[in-house]
Amino acid sequence: MKTKNPLLYVGLIATLIFSAGPLYFMLVMASRANDEIVSLPPPLWLGGNLFSNIDRVFANEDVLFGQALLNSLLVATVATVCVVVTSSLAGFAFAKLKFRGRNAMLLFVIGTMMVPVQLGLIPLYMLMTKLGLNGGLESVTLPFIVAGFGVFMMRQFAEQAIPDEMIEAARVDGASTFRIFFSIVFPALRPAAAVLGLLTFMERWNDFLWPFLTLDAEHPTVQVALSRLSSGYYSDQSLIMAGTLVGTLPLVVVFIVFGRQIIGGIMEGGLKA
Amino acid sequence: MRIRDRFAKTEARVAPYAFVSPFFIIFAIFGLFPLIYTAWVSLHDWSLLAGDQGFVGLDNYRELMHDADFWRALTNTVGIFLMATIPQLILATVLAQVLNSRLRGRTFWRMGVLLPNVTSVAAVGIIFGLIFARDYGIVNWALGHVGLDNPIDWQGHRWSSWLAISVMVDWRWTGYNALILLASLQSVPKELYEAARIDGASAWRQFWSITVPMLRPTIIFVTIVATIGGIQLFTEPLLFGSGVNAIAGGTTGQFQTVAMYLVQQAFTGQRFGYASTVAWVLFLLIAVFAAINVVLLRRIKSVN
């Protein structure tokens with residue numbers, strides 16, 4: 001039985017307008033010339049400058065936008081692969097292997113999810129300087145190749161997805177723990193690994209504070225390039241909006257394709273916490 | 001055979017530690033160490049370029065207590081946090097309730113409310129900066145139609161900049177939190193509502209007597225996460241201000257948050273020691289706020 005209450009749908013449509021509106025506004029402004037953006041009434045429909053504005057974003061030599069897109073893709077991909085692998089390994093161990101200190105260690109992992117590690121950014125900056133990594137892409141990748149949230153999520157999934165008998169049977173056959181992980185456990189963890197991968201990729205793509213502080217002018221990520229675009233050296237609003245559109249679009253596409261999985265991951269993550 | 005057995009035994013004992021060690025090693029180096037070392041740096045006169053200039057004990061903390069700029073930034077942060085979080089939680093709870101009813105196109109609506117969360121914080125700051133622009137912004141244009149003839153200088157005043165920034169935060173997070181609350185709502189037994197309806201309880205009464213108490217643990221979780229994020233608020237106000245000196249948070253720092261002040265002290269002022277003091281105080285503040293949240297929200301239950 002579906003609800004017939006029309007008020008509910010009115011409310012939902014209003015919510016949808018509110019949530020999609022600003023993105024639509026971005027698209028409209030990205031397709032307009034500068035004098036149209038600063039006109040009243042503000043334009044509410046697409047103009048004809050979308051592609052020329054986007055061309056100008058990529059042609060701008062100060063912000064290296066094309067390079068920034070590639071950098072973001074690289075950083076987010078490496079971090080995602082590493083997080084998925086390290087979280088699967090640790091999650092499996094916490095769920096299915098017995099070892100001394102397991103519970104205390106797991107508690108520590110959960111604790112890390114609640115600690116604002118961002119606040120350690122000054123020593124992190126000093127550490128990266130010492131390692132000679134400040135300014136480059138390694139500095140925004142390395143700290144994020146593990147995630148407490150990922151470990152916890154994979155542990156929860158491994159707990160119910162892998163029967164103990166399966167591991168016992170493999171052990172009797174003489175398989176090592178590593179062998180068990182790669183041939184039995186990891187394949188079984190794939191659905192959760194995919195969701196964790198999506199969430200991690202989105203988080204890395206959107207990360208701002210630390211990249212903003214550490215990256216130099218030659219190695220921007222998309223978000224850093226955006227902040228440079230809008231930092232006041234340009235008052236070129238249509239350029240800024242076109243850049244924002246290009247920087248946002250990849251994730252919106254990912255979201256439209258994998259929306260169901262992403263929503264599932266977020267809802268399950270909240271439920272278990 | 002025996003050697004192989006012994007090898008297998010050792011392997012089984014060592015493997016778990018090998019599996020969990022990547023997380024602990026990397027986290028120790030890039031997460032835990034910086035956080036703890038912040039406390040150490042905060043006890044020094046430490047400069048960005050010249051490095052450690054000597055131990056100064058609690059001098060930085062004493063200075064911070066009398067630093068009007070810090071107190072202003074703190075007021076801004078807490079003000080924006082409250083202005084954003086309270087309506088956000090209420091809206092998210094109501095939205096979760098709506099999404100929990102039997103709807104056509106469930107996934108569609110859920111994706112609709114989550115869409116803002118996919119947008120990067122930097123993009124949010126830029127887009128809303130234009131929406132709240134003084135002269136040609138769409139909000140002022142709309143307000144002009146309902147009789148507000150003098151356009152609001154959103155960045156110019158404290159209350160209006162706080163409001164604009166709160167709208168950004170809520171736009172990005174309300175739907176996300178609604179989904180988390182929805183997940184928890186779905187585990188509430190339907191019979192509870194059936195029984196309440198039979199007893200003649202109104203929808204409002206059901207909301208307060210069943211939904212809110214059942215959601216309490218999740219509301220605590222969501223509030224704590226919002227606190228951790230809200231106290232560290234940085235990107236939205238930074239990009240809202242734009243301009244060369246965006247880190248100052250407006251002409252008189254009317255929307256400079258503590259995280260912005262921290263970065264300003266560290267990298268513009270080159271005072272790593274003092275900035276670390278700010279970071280450490282912020283850390284304690286988050287702990288205190290989280291504790292207050294838990295206590296306050298525990299009360300909700302005892303009222304019912």
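UniProt positions are given here in the numbering of this structure, with feature names shortened, and the annotations may be inferred rather than shown by experiment. What you're looking at is a predicted model, where local features need pLDDT of at least 70, side-chain atom pairs count only at pLDDT 80 or more, and totals for chains, interfaces and linings use all residues. Residues are numbered from 1 along each chain as its sequence is written, while chains are lettered from A and ligands numbered from 1 in the order in which they are written.

Let's start with chain A. Its unreviewed UniProt entry puts the feature "transmembrane region" at residues 7-30, 73-94, 106-128, 140-158, 178-202 and 239-258.

How confident is the predictor? On pLDDT, its per-residue confidence from 0 to 100, chain A averages 91, and 96% of the residues score at least 70. Helix 4 (residues 65-96) of chain A has the highest confidence, at 97, and helix 2 (residues 34-37) of chain A the lowest, at a mean of 85.

Now for the partner. Chain B splits into domain 1 (2-41) and domain 2 (61-303), with bounds from an automatic or database domain assignment. The centres of these two domains of chain B, taken over C-alpha atoms, are 37 Å apart.

And where the chains meet? The contact (C-beta atoms, placed from the backbone, within 7 Å) takes 78 residues from chain B and 79 residues from chain A. Helix 1 (residues 2-41) of chain B gives the largest share of chain B's side, 20 residues.

Notes. pLDDT is the predictor's confidence in each residue, from 0 to 100. Helices (H or I, at least four residues) and strands (E, at least two) are DSSP runs, numbered from the N terminus. Two residues are in contact if their C-beta atoms, placed from the backbone, lie within 7 Å.
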